[in-house]
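Please keep the model in view while reading.

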Amino acid sequence: PATGAFVTLSANHLFQLSIFKCMMLLSVSLLPNSSSSFATVAFAFPKVHGVFRQSIRFKVHAFLNKPLESSSAPASNQPSVILDSLRVLEWDKLCDSVATFAGTSSGKEALKEQLGYLNQTFEESLVLLEETNAAVEMNKYGAMVDFNGIDIELVKTAIRVARRGFPVSGTEALNVVALLQFVEMLQANVKAAVKQDAEWYQRFMPLTEMIMELIISRSLVRFIQQLVDEDGSVKDSASFALKQSRDQVRLLERKLYQLMESIIRNGMEEASAMEVSEIDGRWCIRSGFNQRTSFEGLLLSSASGTGSVVEPLSAVPLNDALQQAKASVSKAEADVLLKITQKMQEEIDCIESIFSMMVRLDVINARARYSLAFGGACPDLFLQQEQDRFVATDASLDARTSVALHPTRKKWTVYLPKAYHPLLLQKHQQALQKAMKDVKNANAEIRRRKQQGGNFTLRKETNVNLQSLEAKVAKLKEEPPVPVDIYVAHNTRVLVITGPNTGGKTICLKTVGLAALMAKSGLYVLASESVKIPWFDFVFADIGDEQSLSQSLSTFSGHLKQISKIQSHSTDMSLVLLDEVGAGTNPLEGAALGMSLLESFAESGTLLTIATTHHGELKTLKYSNHAFENACMEFDEMKLKPTYRILWGIPGRSNAINIAERLGMPDVIVNKARELYGAASAEINESKALTEPESQA
């Protein structure tokens with residue numbers, strides 16, 4: 001412009017100018033025995049917008065991303081047969097489901113790790129169940145505190161930063177306060193419960209000791225609260241230097257604002273196209289494209305179609321002073337935050353112990369909340385030491401109890417009354433909750449339209465939609481998942497389950513397998529009554545059409561290879577689950593192979609083998625070997641569909657011919673089929689006449 005002299009500066013020139021004009025705080029430190037890549041650079045530099053309350057911290061120390069402590073168990077080198085078994089049982093999906101009940105990200109990770117471990121000893125499983133039971137009691141009483149109010153990652157970062165002597169941020173410090181207050185509230189809740197009734201002390205064990213033994217530094221809480229505001233910014237009152245520097249920043253910003261307004265008013269003809277702007281923390285004026293200005297200044301930026309940004313020469317001294325004042329603010333804030341770090345270092349071991357306890361408690365509480373959400377029952381877990389000798393334990397009590405105290409369950413190895421498949425129950429519950437939410441939303445929409453006096457046709461359509469949604473809710477409530485009753489006697493080592501396709505045999509296998517894993521991992525079993533289940537060292541499963549495509553194995557070959565691995569790894573404390581044993585090949589050969597396999601598992605001493613099959617020959621094993629038991633999935637011949645209930649002690653009936661007859665198949669074909677089916681098979685299916693008196697007992 002004709003009236004002004006301008007100096008065009010590049011961004012680099014401006015940055016260099018600012019460096020010389022500003023007061024910088026620069027510190028470079030190298031950790032001992034570290035490479036240059038672990039250098040830590042921290043300096044205060046003015047931010048770009050407003051009155052800046054927080055310093056920029058540049059940290060190039062990669063070690064801060066390492067875990068706080070290496071609490072992770074070493075990666076388990078589990079045999080592939082165990083991993084394959086867990087996959088077909090969908091244990092990973094159940095672990096994910098339980099993890100959603102954790103309140104923190106660290107809790108979720110730790111819980112998945114714990115549930116995936118599965119190498120617990122019997123005693124360790126008992127401890128896990130005792131912890132879960134204590135958390136259940138605390139939730140029922142109302143003593144447990146919500147974990148969601150703490151950003152656990154910020155606490156973790158604060159501990160790492162403080163241990164290395166760097167300034168923590170205000171937000172990190174506030175989350176440390178939240179952690180300490182969380183534990184203080186827990187301790188207060190436990191004390192209140194014990195004061196009301198001393199019995200709660202034992203009912204909350206072992207969590208009582210875990211919570212009450214923690215030491216809370218109230219002086220640290222007060223110290224942080226005196227220096228840091230609720231939004232994480234350092235308070236003006238935190239130090240005299242900080243208040244003085246911030247006052248100077250506010251004063252300079254007012255002067256700059258007044259100066260800019262004055263410049264814009266003096267150029268009235270261009271005023272409508274000019275506005276106050278800020279570039280890299282320096283106050284300036286933005287003008288329109290091809291806009292002529294009447295003041296001298298430094299051209300900070302210019303682009304075709306967007307106008308130019310100019311720093312008036314009269315504003316340069318004030319801008320320079322502002323940068324210096326902001327640098328002083330950053331240094332003063334860093335000094336205050338460093339004081340917090342030094343105070344934290346005095347209590348760092350206690351803070352870290354509290355942090356670790358909180359993550360552990362989150363894991364325990366997640367197990368308890370999951371168990372409560374789905375109506376689980378605390379398992380009576382026991383260990384078989386010798387044949388027909390059991391040591392029973394009841395995790396709902398602190399003391400171990402004799403099996404004789406449970407006369408109704410005394411004769412059972414596995415007692416799972418009305419047990420649910422956890423993933424099916426969760427799916428149904430989610431569907432019901434969604435349907436009920438849809439009904440609630442539809443009712444709200446009807447009320448809204450009535451208030452607005454909406455179109456009658458639209459209101460009628462909404463009412464019809466509501467009726468449909470309510471019918472869906474009613475249907476879901478009337479048709480919940482069908483629980484199964486699993487009762488396995490002491491002397492039974494192999495259970496053979498027969499029944500039609502889609503009759504629930506596979507679900508039954510998975511329910512038992514998941515129940516065993518849940519009890520071992522400290523979870524309640526989803527059953528309507530108290531359950532009794534052995535502690536298994538491993539749960540092996542061969543279920544479904546799993547096959548190894550990479551090894552070009554057929555379905556049948558894949559099953560045989562998996563079963564062979566199961567035989568080589570199973571022990572006298574293992575649970576083996578075999579789905580459709582002997583299927584996938586010639587029926588006669590498959591039946592012979594299935595009989596041989598099951599007899600082998602019975603003779604090898606595997607604690608319990610449960611197999612499903614369509615081969616009628618496998619049902620006869622019960623009559624020659626007392627280690628075998630039969631069961632079948634019930635089929636409603638009137639409705640021509642399965643009931644998903646188990647009938648114990650009898651083999652499954654052959655329903656194919658009866659179904660064909662009811663569906664109108666010609667009599668001549670039905671009669672011929674019955675004739676070909678054979679009298680021997682019919683006799684097995686029709687009665688238990690061949691059952692020996694001892695096996696009846």
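At 29% relative accessibility, Cys-350 counts as partly exposed. Cys-95 is buried, at 7% relative accessible area. Buried means under 20% relative accessible area, exposed over 50%, and partly exposed in between (1.4 Å probe, protein chains only). The structure holds 0 disulfides, a disulfide being a pair of cysteine sulfur atoms within 2.5 Å.

This is a predicted model: local features need pLDDT of at least 70, side-chain atom pairs count only at pLDDT 80 or more, and totals for chains, interfaces and linings use all residues. Residues are numbered from 1 along each chain as its sequence is written, and side-chain values use heavy atoms, leaving out hydrogens and water.

Helix α19 spans residues 587–604 and has 18 residues. Helices (H or I, at least four residues) and strands (E, at least two) are DSSP runs, numbered from the N terminus.

| Side of α19 | Residues |
|---|---|
| Buried | Gly-590, Ala-591, Gly-594, Leu-597, Leu-598, Phe-601, Ala-602 |
| Exposed, turned away from the buried side | Leu-588, Glu-589, Glu-603 |

Seen down the axis of α19, the buried residues fall within an arc of 135°, so they line one face. The arc is that of the directions from the helix axis to the C-beta atoms. These buried residues pack against β12 (494–498), α18 (555–569), β15 (575–578), β16 (608–613) and β17 (628–636). Contact means heavy atoms within 4.5 Å. Gly-605 follows α19, with a positive phi near 90°.

In α6, Ala-158, Ala-162 and Arg-163 meet Thr-341, Met-344 and Gln-345 of α13.

Definitions and conventions
Expected span 1.5 Å × (residues − 1).
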